[in-house]
Amino acid sequence: MATDHRVREAHATEAAARGSDDADVRVTVVVPVWRPGEAIDPLIASLDAQTLSADRFELLLCDDGSGTETEERLRAIADARPNVRVLALPHSGWPGTPRNRGVEEARGRYVQFVDQDDHLFPEALERLVDYADEHGADVVVGKEVGVGRDIPGRIFRRDVPDARLGRDPLLQMLTPHKMFRTAFLREHGIRFPDGKVRLEDHLFVMQAYFAARRISILASTPCYAWLRQPGSASSSRIDPESYFPHLETVLDVVEANTEPGELRDGLLRHWLRGKILQRLSGRQMTRYPDEYRERLLDVVTPLVERRFGPGVDAGLAYPHRLRVALLREGRRDDLLTLARFEQSIGAAATIERATWSRGGGLALRLRLRLDGEETWTGPAWLDALHARVTSEPVDDRLEILARHDDDPATDVRIASGRIDGAGVAQVAIDPLRAFAADDEARRVALVVRAQRAGWPLEATLGASAALLAAVPASPLLAGRAVRLEQDDAGHVALRRRWPEGRMRDAAGRAARRVRRRLRRRA
């Protein structure tokens, strides 16, 4: 489009106006640093391995007053690399101020924020800046990959050159690990709050989202490896009296940039669900000491009444609708009872039919059952709730995950489907998705993850020996010969023959590439 061309041309002119040296710097990587020790080495190695030439990007190590040992470490890194600068800053105790100084000092057309204990994939910087230039983006959300942590899936299902709040799942990823046009941040005065402020990432990113002319999602290239670190601020128990005023500051930004109505309600729902109601559910609620639980409820009860209206409640999943109703009515004992009920819910899934298609897919008919659903008894209001779960499903879905070596971090989604009122789902497994092209594994466990009336459940997958024995041999396009089998506990796994069958694998993958091309042309 002509508008996009003018935006890209303006960006290039803006870079050239800063002088030839700065115009060559396409992106500045800003890293807030606080006594990293050797934990920073993987990040530096990942930057050394970037496909973007080192003379086209710079690294700003913004040291938050770490002391002599860190100063020497950072100086050694910079001395060995002409594109690295170190900013020695007074200690602020939080990453916001070092990031702000990085924006002030950046020479690049774009700024990419990275934390010291994470790292980038080799093509990240080159693909991000090319994508931003191509689409005239002020913000690019590059694909994040969780290491020891879960990452929301919907936001990275496809590339979205022009993503919109309220339409696309931008709120799923409010970390600062994004690329921003430098002049855009400066022009709008978008900065992190100074000092120790919880949810400072949300505050910064939401200001950027509202001010941006264009936000782009780059999902087709892994960009950012986000590691889970023990003892991080995000994993510690919050102090209710100090945390929730910071949450209200984020809500203020949303309300200042939206009108009352569906968009505002949908955005506010994100924080009601994730930052309040999730803390009152299941394991979290039941593990709180009594005194802490009362403090938390003392703070969030009036907050919910003050900041979230009926339109926000209406879009919640059923468990959260129930939870917010109990909260508004002051029924604290029932909130705890509900949390205990949630913690006790379990489920099992059984294969009732399994057939191969000529295209190499394994079609399964599954039935999901909640533990004890035939004998459930409880308080009257929970009886009604249980009836809702088992007889009136609300957008119930399940997915099949392939899991290697009993490690949930290896989970790969290989099938998904809806669950009907009788608890039945029809799915089709592609074994070539369960086993990657360079994967030498012989066996993967099949795990069922389901949403039943809004409750997230993980279920074992079982089948009778007679059913499994009756499943015919896998067809050519399934790749290497593969079959369903049971372990000693009766759980179902997918096993393939190895190393025979390399040509079958190649044929199956080639057929899938052809099918994808034909679908794109249709």
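**Setting values against cut-offs**

Reader: Why is aspartate 406 called exposed?

Author: Aspartate 406 has a relative accessible area of 69%, and exposed means over 50%, buried under 20% and partly exposed in between, with a 1.4 Å probe and protein chains only, so aspartate 406 counts as exposed. This is a predicted model, in which local features need pLDDT of at least 70 and side-chain atom pairs pLDDT 80 or more, while totals for chains, interfaces and linings use all residues. Residues are numbered from 1 along each chain as its sequence is written, and side-chain values use heavy atoms, leaving out hydrogens and water.

Reader: Where is aspartate 406 found?

Author: Aspartate 406 is in the loop between strand 12 (397–403) and strand 13 (412–418), where strands (E, at least two residues) and helices (H or I, at least four) are DSSP runs numbered from the N terminus.

Reader: How many disulfides are there?

Author: A disulfide is a pair of cysteine sulfur atoms within 2.5 Å, and by this rule the count is zero. As for accessibility, cysteine 62 is buried at 0%, and cysteine 223 is likewise buried at 2%.

Reader: What makes arginine 158 and aspartate 168 a salt bridge?

Author: The term needs a side-chain nitrogen of Lys or Arg within 4 Å of a carboxyl oxygen of Asp or Glu, and the closest N and O atoms of arginine 158 and aspartate 168 are 4.0 Å apart. The pair links distant parts of the chain, ten residues apart, with arginine 158 in the loop between strand 6 (139–147) and strand 7 (160–163) and aspartate 168 in the loop between strand 7 and strand 8 (179–181). Arginine 158 is exposed at 53%, whereas aspartate 168 is buried at 10%.

Reader: Why are glutamate 291 and arginine 295 separated by about one helical turn?

Author: They are separated in this way because they stand four residues apart in helix 12 (residues 290–307).

Reader: Which residue forms a salt bridge with arginine 495?

Author: The partner is glutamate 485, the closest N and O atoms being 3.0 Å apart. Arginine 495 lies in strand 18 (residues 492–496) and glutamate 485 in strand 17 (residues 482–486), so the pair ties together parts ten residues apart in sequence. At 28% arginine 495 is partly exposed, and at 13% glutamate 485 is buried.
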